[in-house]
Amino acid sequence: MAWNELRLTRRAALLGLAASACAPMRLGATPLSLNEVIRRNTRARGGAAALDRMHALAVDVEIVEGGQTLNGHYAANAAGLVRIDVYAGGKFAGAEGVDSKGVWNWGRNGPEPSVATGAANALTNGAENHLFGWHRFAQRGHRLALMPPQTLDGITYPVVEVRYSTGHISYFYVDPTTWQAVRRRDERAYHPDNDQTKQRVESRFFDFVAVDGVVASHRSADYDLGTGKLLSTNRTLARRINPPLAADYFDRNRQAPATW
């Protein structure tokens, strides 16, 4: 499968807050508000202080989709710049990202502007999720609302609706024991550069690990909710908080290493 046919599943991977919904909800015997869910989730992710120290992130990831295993170097920073370099069979296969000129992807002749609806949303919203706690989403221009709780597989989840500044909407299901967001549902084109057909996608998050005080999922799986089909899996191989990145790291014209 070629890179242009795949267009990295990390869009889910490698995959917000107005207090407009502070009316209390009840989970068991405990009344909860949006602010309380945010507080518990922020604490579960390592706390506001640890999250607020983070201004950049680098992740090495393994992606399995369509019978093919890919590796990727993902990086993002608080300025909204994102880059993913992808490798197949240990060799450079393509890239995409957001640099100072906008959204781009790797075409036949190298980097070119991306005009696909949803490409920017996937990259920029993913960076927001990685780099900021929900306690910061309001000042980032996103809005949160507390939805009615939902019971899935015997667990009743508080559900948080995130309306990103890009206009995209996602629903996060918060585990009532760990207070991590363990499911995310939204409607989107899975590989917008190749196919604009929208589908209902659920991302499930597992294996939460602390690195430099920041807790994040190190394994995820994406499913098509319409068919139940497993779309892809993602596994974090390494995660670095505030890594030293070259000044031109996010530039689309930067030459990525030729091998993994």
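Visitor: What does Arg 235 touch, not counting residues up to four places away in sequence?

Guide: In this predicted model, Arg 235 touches Asp 60, Val 61, Glu 62, His 218 and Arg 219. Arg 235 and Arg 219 are 16 residues apart in sequence, yet their C-alpha atoms are 4.5 Å apart in space.

Visitor: Where is Arg 235 found, and why does it count as partly exposed?

Guide: Arg 235 is found in strand 15. Its relative accessibility is 38%; buried would need a value under 20% and exposed one over 50%. The value falls in between, so Arg 235 counts as partly exposed.

Visitor: Let us turn to charges. What makes Arg 254 and Asp 85 a salt bridge?

Guide: Their closest N and O atoms are 3.0 Å apart, and the cut-off for an Arg nitrogen and an Asp carboxyl oxygen is 4 Å. The distance is within that limit, so the pair is a salt bridge. Arg 254 lies in the segment after strand 15 and Asp 85 in strand 5, so the pair ties together parts that are 169 residues apart in sequence.

Visitor: Are these two partners buried or exposed?

Guide: Buried: Arg 254 has 15% relative accessibility and Asp 85 has 1%. Both values are under the 20% limit, so both residues count as buried.

Visitor: What ring does Arg 254 lie over, and how do you know that the distance qualifies?

Guide: Arg 254 lies over the face of Tyr 249, at 4.2 Å from the ring centre.

Visitor: Why is Glu 202 called buried?

Guide: Glu 202 has 0% relative accessibility. That is under 20%, so it counts as buried. Arg 183 is buried as well, with a relative accessible area of 9%, and Arg 185 is also buried.

Visitor: What makes the contact between Arg 188 and Asp 186 a polar contact, and where is Arg 188 placed?

Guide: The two side chains make that contact at 2.9 Å, and the limit is 3.5 Å. Arg 188 is in strand 12. With a relative accessible area of 13%, Arg 188 is under the 20% limit, so it is buried.

Visitor: How many aromatic pairs are there, and why is Phe 92 with Trp 106 called edge-to-face?

Guide: A search of the whole structure finds 7 aromatic pairs. The ring centres of Phe 92 and Trp 106 are 5.1 Å apart, within the 6.5 Å limit for a pair. Their planes stand at 85°, over the 60 degrees required, so the pair is edge-to-face. Phe 92 is in strand 6 and Trp 106 in strand 7, 14 residues apart. Ring pairs also link Tyr 87, Phe 92, Trp 106 and Trp 260 into a cluster.

Visitor: Why do Phe 92 and Trp 106 get separate accessibility labels?

Guide: The 20% limit falls between their values: Phe 92 has 22%, so it counts as partly exposed, while Trp 106 has 18%, so it is buried.

Visitor: Which residues have the most contacts inside the largest nonpolar core?

Guide: That core has 38 residues, and those with the most contacts inside it are Met 54, Leu 57, Tyr 74, Trp 134, Leu 144, Val 160 and Val 162. Apart from it lies another core, of 5 residues, including Leu 152 and Tyr 157.

Note on methods: Residues are numbered from 1 along each chain as its sequence is written. This is a predicted model: local features need pLDDT of at least 70, side-chain atom pairs count only at pLDDT 80 or more; totals for chains, interfaces and linings use all residues. Side-chain values use heavy atoms; hydrogens and water are left out. A nonpolar core is a set of buried Ala, Val, Leu, Ile, Met, Phe, Trp, Tyr and Cys residues joined through side-chain atoms within 4.5 Å. Buried means under 20% relative accessible area, exposed over 50%, partly exposed in between (1.4 Å probe, protein chains only). Helices (H or I, at least four residues) and strands (E, at least two) are DSSP runs, numbered from the N terminus. A polar contact is a pair of N or O atoms within 3.5 Å; within protein, one must be able to donate a hydrogen and the other to accept it, and residues adjacent in sequence count only if both atoms are side-chain atoms. Rings of Phe, Tyr and Trp (its six-membered ring) pair if their centres lie within 6.5 Å; planes under 30 degrees apart count as stacked, over 60 as edge-to-face and the rest as tilted. A charge sits over a ring if NZ of Lys or CZ of Arg is within 6 Å of the ring centre and within 35 degrees of the ring normal. A salt bridge is a side-chain nitrogen of Lys or Arg within 4 Å of a carboxyl oxygen of Asp or Glu. Contact means heavy atoms within 4.5 Å.
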